[in-house]
Amino acid sequence: MKRRTLLALAASTVLLAACGQSTTNDADSNATDNAASGGSDMLQRINDGGTINVGTEGTYPPFTYHDESGKLTGYDVEVTRAVADKLGVEVEFKETQWDAMLAGLDSKRFDMVANQVSLTTPERQAKYDLAQPYSWSGAVVLAPTDDNRYGSWDSLKGLRSAQSLSSNYGELAERYQAEIVPVDGMAQAIQLVKQDRADFTMNDNLAVLDYLKKFPDSGLEIKLVAPADEQRGSGLVLLKGNDAVVTKLNEAMSELHADGTLTKLSEEFFGADISQQK
């Protein structure tokens, strides 16, 4: 009698364990299926020549903004349109504020984001995928055209740099032992350099190129560019789990590099090729 009771208990335990394992496996399987379904939906639309939804600001020139006629344009916008053409799909832009950009991606309000996004933090890298970058940027030194003292980054030592004290560029100028001339922002920094109250200013390459394109007769030019390993790339950003889509985006971007489209768009909006890591 005692032996039968023990056997019954053992059988019950095995049965419960099997049921528990089955439930866990089913849950894991469902999660995998759901992830695959989320990825395959976008892939299916691309394969069928459907529509992809892309989040962007629309208020961030020259990357994404409305021209005088009200048309949405900008470097990121036109690159995305070129990618869509390569894929044979339609693209619908959904404008949103920067603070809500990634939240909109999280909630699947749109499929991807085109807004100079780079995955610079471990948190972003764990959550999102970055397709092949279409723009590269880093710190540059802007100084008068006729000033030839900028042979290397070490030559900044002892020179006056107009910088915001709290900015990364101010910290970088201090690292090279430049004398900081405090300013409130880039516009004031440029004015001090032009007035010879500072020798140079340091800022983001794309911001400086945008300024030089708007003011080609400023008498200023880029003297130094951050090395390639210190530059960051920006591109289309998607939630993880869409590997096949990322592959298609990368293939399209490679074609746009090869046929000169990215170079042409770069020069149109910046007067220089920002699509290559230099």
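Predicted model: local features only at pLDDT ≥ 70, side-chain atom pairs only at ≥ 80, totals over all residues.
Biologist: What makes up the secondary structure of the chain?

Modeller: Nine helices and 14 strands.

Biologist: Why does Lys108 count as exposed?

Modeller: Exposed means over 50% relative accessible area, buried under 20%, and partly exposed in between, with a 1.4 Å probe and protein chains only. Lys108 has 59% relative accessibility, so it counts as exposed. Lys108 is in the loop between α3 (101-106) and β5 (112-113). Its phi is positive, about 60 degrees, although Lys108 is not a glycine.

Biologist: Where is Asp196, and what is its phi?

Modeller: Asp196 is in the loop between α6 and β11, just after α6. Its phi is near 65 degrees, a positive value in a residue other than glycine. The relative accessible area of Asp196 is 53%, so Asp196 is exposed.

Biologist: How do you know that Asp184 is exposed?

Modeller: Its relative accessibility is 74%. That is over the cut-off for exposed residues. Asp184 lies in the loop between β10 and α6. Gln163 is 21 residues away in sequence, and 7.7 Å away from C-alpha to C-alpha.

Biologist: Why is Arg45 called partly exposed?

Modeller: The relative accessible area of Arg45 is 22%. Arg45 lies in helix α1 (residues 2-47). It touches Gly50, Thr51, Ile52, Asn53, Val89 and Asp111, not counting residues up to four places away in sequence. A touch, or contact, means heavy atoms within 4.5 Å. Val89 is 44 residues from Arg45 in sequence and 8.1 Å from it, C-alpha to C-alpha.

Biologist: What makes Asn115 a buried residue?

Modeller: Asn115 has 1% relative accessibility, so it counts as buried. It sits in the loop between β5 and α4 (122-127). Leaving out residues up to four places away in sequence, its contacts are Thr56, Glu57, Tyr60, Thr64, Asp76, Trp98, Met101 and Tyr134.

Biologist: And why is Gly233 called buried?

Modeller: Its value is 10%, so Gly233 counts as buried. Gly233 belongs to strand β13 (residues 232-234). Pro133 is 100 residues away in sequence but 5.2 Å away in space, C-alpha to C-alpha. Pro133 is also one of the residues that Gly233 touches. Across the chain, buried residues make up 44% of the 278 residues.

Biologist: Which residues of helix α6 are buried, and how do they lie around the axis?

Modeller: In α6 (residues 186-194), the buried ones are Ala189, Ile190, Leu192 and Val193. They cover an arc of only 160 degrees, so they are on the same side of α6. The arc is that of the directions from the helix axis to the C-beta atoms. An α-helix has 3.6 residues a turn, so residues three or four places apart point the same way. The buried residues of α6 pack against several elements, including β8 (139-144), β9 (160-163) and α7 (205-214).

Biologist: What makes a pocket a pocket, and what lines the largest pocket?

Modeller: On a 1 Å grid over the protein atoms alone, a pocket is an open set of points where protein lies on both sides within 12 Å along at least five of seven lines; lining residues have an atom within 4 Å of a point. Among the lining residues of the largest pocket are Ser137, Tyr169, Arg175 and Gln231. Helix α5 (residues 168-175) gives the most to the lining, with five residues.

Biologist: What is the cis peptide bond, and where does it lie?

Modeller: The bond from Pro61 to Pro62 is cis, with omega near 0 degrees. Pro62 lies in the loop between β1 (51-56) and β2 (65-66).

Key: Residues numbered from 1 in each chain as written. Heavy atoms only, no water. Helix = DSSP H or I, 4+ residues; strand = E, 2+ residues; numbered from the N terminus. 1 Å grid on protein atoms, 1.4 Å probe; cavity = no way out; pocket = protein on both sides within 12 Å on 5 of 7 lines; lining within 4 Å.
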